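Please look at the sequence and the 3D structure together before reading on. The briefing that follows takes up the sheet, then the helices, then single residues.

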Amino acid sequence: MTTPRTALICGISGQDGAYLAQLLLQKGYRVVGTSRDAQMSRFENLARLGIREAIETASMALNDFRSVLQVLAKYQPVEVYNLAGQSSVGLSFEQPVETLESISIGTLNLLEGIRFLNKDIRLYNAGSSECFGDTGDTPANEQTPFRPRSPYAVAKAAAHWEIANYREAYGLFACSGILFNHESPLRPERFVTQKIVRAACRIAAGGNERLSLGRLDIQRDWGWAPEYVEAMWQMLQQTQPEDFVIATGETHALQDFVAEAFASVNLDWRNHVDTDPALMRPADLSISRADPSFARAKLGWQAQTRMAGVVKKMAEAAKVNASDSLSEAAMGLPGDTA
């Protein structure tokens, strides 16, 4: 029997890590996932996808080079996917140092570890559309200059150029996927899309809450996360490493997302939503627009699910949780606060 290829996923407990693990298992990989303390982590997203028992886990702190080196040497992966680090733009304004260290130092340690052990390891790095800043009506592509406007975007931009530098200087197969917003039922509620969808479903199920949001005029490109992890894998199957913008190519206002979410449960959002200036960030992007044509031409990858479809799929999952939460509340039981 042929020994399966080993893939190491840093940040496997998150949305993208779980879907990527599922995809790689389907492709016959041996999948190893890391977290800071694998013995204590519940890996709930892996459990939700029914793959927890199929995944090997290891403790690794990306900001500790010795820890990174030990895991790389022990498991000897042929592919490494770096999805770890602080993942919230809003939280990065409150924790800028932790954000910069977890993303930029973590990426640098992976690059150094791979260079030290084996140049043949292929590395995917999770970049972000936040690096582009506000491009107005001009869709961002792989040649668009970065103008980051948050500590999170600054950290992601630093990691992007670390990848490019090690690729050029040392010949490593390392690339970044510059992903625009992508959602799923695995998103935690601190992300505004899940906050909106879950609130709409709770209200439709009989809840009397009101939904408070910041700016409704911001525009984003929203896609479906399970499709985006396919692009990650495809990037590491190329002959030469290159960076790719991954997006749907369609941009919508947050107000449109809100309206779609409430319409999915037969409600008019205007009767249930308030604007709260306290929820607005110190700096935010007005418009995020993407040109994913290079990924379509080179990888053959194209997003199949657009914003309305994303909302519909998230709402279908949230409706079940909303009904369960209200039932538990009526009986005085503690509900899911995730």
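Two strands pair if DSSP finds at least two bridges between them, and helices (H or I, at least four residues) and strands (E, at least two) are DSSP runs, numbered from the N terminus. With these terms in hand, L8 stands opposite V32 in strand 2. This is a predicted model, in which local features need pLDDT of at least 70 and side-chain atom pairs count only at pLDDT 80 or more, while totals for chains, interfaces and linings use all residues. Residues are numbered from 1 along each chain as its sequence is written, and side-chain values use heavy atoms, with hydrogens and water left out.

- Seven strands form an open sheet in the order 3-2-1-4-5-6-11, and their pairing is parallel.
- The edges are strand 3 (56-59) and strand 11 (244-246), each of which pairs on one side only.
- Neighbouring strands of the sheet are turned against each other by 20° on average, direction ignored; here axes are lines fitted to C-alpha atoms, for helices over the stretch in contact, and angles run from 0 to 180 degrees between N-to-C directions.
- Strand 1 (residues 6-10) and strand 2 (residues 30-35) run parallel and are joined by five bridges.

**Helices lying across the strands**

- Helix 1 lies across strand 1, strand 2, strand 4 (79-82) and strand 6 (173-179), and it runs at about 170° to strand 1.
- Helix 6 (residues 151-170) lies across strand 5 (122-126) and strand 6, and its direction is at about 150° to strand 6.

- Helix 1 has twelve residues and reaches 17 Å from its first C-alpha to its last, close to the 16 Å expected at 1.5 Å a residue, where the expected span is 1.5 Å times one less than the number of residues.
- Nine of the twelve residues of helix 1 are buried, so this helix is largely enclosed by the rest of the structure; buried means under 20% relative accessible area, exposed over 50%, and partly exposed in between (1.4 Å probe, protein chains only).
- Two packed helices are described by the angle between their axes and the distance between the axes.
- The axes of helix 1 (residues 15-26) and helix 8 (residues 225-235) come within 9 Å and cross at roughly 65°.
- On the helix 1 side, the contact (heavy atoms within 4.5 Å) is made by Q15, D16, Y19, L20, L23 and L24, and on the helix 8 side by A225, P226, V229, E230, M232 and W233.
- Just after helix 1, G28 takes a positive phi of about 90°.

**Helix 7**

- The 13 residues of helix 7 (residues 192-204) should span 18 Å at 1.5 Å a residue, and its end C-alpha atoms are 18 Å apart, which agrees.
- Among the buried residues of helix 7 are T193, Q194, I196 and V197.
- Helix 7 is followed by G206, whose phi is positive, near 120°.

**Two single residues**

- Q15, which lies in helix 1, is buried, with a relative accessible area of 4%.
- Leaving aside its neighbours within four places in sequence, Q15 is in contact with N45, H182, E183, S184, L186, R187 and A225.
- The C-alpha atoms of Q15 and P188 are separated by 8.5 Å, although the two residues are 173 residues apart along the chain.
- T99, found in helix 5 (residues 96-117), counts as buried at 0% relative accessibility.
- Leaving aside its neighbours within four places in sequence, T99 is in contact with Q86, S92, P151, Y152 and A155.
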